[in-house]
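Okay, quick one from me today. Have a look at the chain on the screen, and I'll talk you through how it's put together.

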Amino acid sequence: MNKTRQILINHQHLRTKCLVYTRVMGYHRPVESFNIGKKGEHKQRIHFNEKSCC
């Protein structure tokens, strides 16, 4: 784990911020703009992949 941490530290300047959007009330919003309660709800969501019917 120490090796991984060192790699991340060495490449910190190359990293970019990733915005996660989710659909709320019919439109998409970035999760970072949620209040504390809504962020907690988002973390508890269960994601699934719908299988095709054919």
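So, radius of gyration here is taken over C-alpha atoms, and the globule rule is 2.2 Å times the number of residues to the power 0.38. For 54 residues, a compact globule would come out near 10 Å, but this protein chain has 17 Å. Bear in mind that this is a predicted model: local features need pLDDT of at least 70, side-chain atom pairs count only at pLDDT 80 or more, and totals for chains, interfaces and linings use all residues. Residues are numbered from 1 along each chain as its sequence is written, and side-chain values use heavy atoms, with hydrogens and water left out.

Along the principal axes, the C-alpha atoms fill a box of roughly 45 × 35 × 20 Å. How much of the chain is buried? Buried residues make up 9% of the 54, where buried means under 20% relative accessible area with a 1.4 Å probe, protein chains only.

Now the elements. We've got two helices and two strands, running α-β-β-α from the N terminus. Those are DSSP runs: helices are H or I, at least four residues, and strands are E, at least two.

β1, residues 21-24, and β2, residues 27-30, pair in the antiparallel sense over four bridges; pairing takes at least two DSSP bridges. Arg 23 has His 28 in β2 as its bridge partner. Arg 23 also sits on the uncovered face of β1 with Tyr 21, while Thr 22 and Val 24 make up the covered one. Two residues lie between the strands of this hairpin, and Met 25 takes a positive phi near 55°.

Conventions. Buried means under 20% relative accessible area, exposed over 50%, partly exposed in between (1.4 Å probe, protein chains only).
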